Amino acid sequence: MSTVPPTATLNPPAIVSTALSKGFGEGHARVMAVDKVALVARFGEMVFIVGPSGSGKTTLLSMISGILRPDSGTVTIAGQDIWSLSADQLAALRLNSIGFVFQDYHLFTRLTAAENVAIPLILQHHPWDDAIAQARRSLEVVGLKERGDILPVKLSGGEQQRVAIARAIVSGPQILILDEPTASLDGDTGRMIIAFVRERILNQQRCILIVTHDARINEYADRILYMEDGHLSEPPRASA
Ligand SMILES: Nc1ncnc2c1ncn2[C@@H]1O[C@H](COP(=O)(O)OP(=O)(O)OP(=O)(O)O)[C@@H](O)[C@H]1O
Ligand SMILES: [Mg+2]
C-alpha cells in the first residue's frame, strides 16, 4: 500500500463525516449498517474502502453523497454540512460537486449511452448538442468511443459500468465516489480505468472515494480504510 502523498495531507478536507450512523429494522432485528463512522478524505487524495459484503460500505457512501439521510452524525462536503441543506440545495450540491457511480450502474434503459452520459450536463442547462458532444468525449476516455448510440441493454456489464463512470466524470465534479467500479471489468480494463481516474481526476486536486473488493487495484490507493460490521478503521501506518 502506498502512503498518503505529502502534499495531500496539507490539502483541505473534501469529505468529513463525524459519528455517522444508520440502522435498518426495529427491535431485535435492528442492524446498525453504519455505526459512528468518522472519515476524512482530502482534495488530491484517492481513498479506498474495503470490507466484506454487508459491512455497510454502500450505506456509508449513500449518506456521504446525499442520497440517504443518516440517523445521526454529520457529513461535510467541501465545507458544507450537507444534511442541514434544503432539498433543493442538496440536489444542486450533488449535481455540481459529486460524481457518483452506483454499484448497479443506474443507467436509463431508454436512453443511448451518450444520452445517459449527457444527463448531468443537461441538468446543468448545457445545450443538447454540446452536452452530447462532451458525453462522446467522456465515452472515448473510458474506451467506448464507438458505443455512444447503443442502448444499455445491448452493452455488456463492463461496458455499462464504463458508461456510468463516463457519466460521473463528464461534468468534472470536485468529488468522485465510486461503489465497486471494477466489479464487472476484467483485470486489465479495471486497472486502465482506475489508472485513468487517478491520473486525470486526482491531478486536478479532486477527491476520489472508492469502495472495492478488487485487490488488483489496491496499488492505486493513497490510503485504504477497512469497514467491518458498520465500523470504519484505518490501520496504523508501518512507518508512523
Ligand atoms: N434499505 C435497506 N433496508 C434494510 N436493510 C438494509 C438496507 N440497505 C442495507 N441494509 C443492510 O445494511 C447492511 C449493510 O448493507 P450495505 O449494502 O451497506 O453493505 P455493503 O458493504 O455495501 O455490501 P456489498 O459489499 O455486498 O455491496 C446489510 O446488513 C444490509 O442487509
Ligand atoms: Mg455495496
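The following exercises, with worked solutions, concern a predicted model.

Local features rest on pLDDT of at least 70 and side-chain atom pairs on pLDDT 80 or more, while totals for chains, interfaces and linings use all residues. Residues are numbered from 1 along each chain as its sequence is written, chains are lettered from A and ligands numbered from 1 in the order in which they are written, and side-chain values use heavy atoms, with hydrogens and water left out.

**Exercise 1. Identify the protein donors of the magnesium ion (ligand 2) and state where they lie.**

Step 1. Donors are N, O and S atoms within 2.8 Å of the metal (3.2 Å for Na, K and Ca); water is not among the atoms, so sites may look incomplete.

Step 2. Thr58 belongs to helix α1 (residues 57-64), whereas Gln103 is in the loop between β6 (98-101) and α3, so the pair ties together parts 45 residues apart in sequence. Helices (H or I, at least four residues) and strands (E, at least two) are DSSP runs, numbered from the N terminus.

Step 3. Buried means under 20% relative accessible area, exposed over 50%, and partly exposed in between (1.4 Å probe, protein chains only). Thr58, at 34%, is partly exposed, and Gln103, at 41%, is partly exposed.

**Exercise 2. Describe the surroundings of α3 and how its axis lies relative to that of α5.**

Step 1. Eight of the eleven residues of α3 are buried, among them Ala114, Ala118 and Leu121.

Step 2. These buried residues pack against α2 (87-97), α4 and α5, where contact means heavy atoms within 4.5 Å.

Step 3. The axes of α3 and α5 come within 7 Å and cross at roughly 30°. That makes α3 roughly parallel to α5 (angles under 35 degrees). Axes are lines fitted to C-alpha atoms, for helices over the stretch in contact, with angles from 0 to 180 degrees between N-to-C directions.

Step 4. Ala113, Asn116, Val117, Ile119 and Pro120 of α3 meet Val163, Ala166 and Arg167 of α5.

Notes
Parallel < 35°, antiparallel > 145°, perpendicular 65-115°, else oblique.
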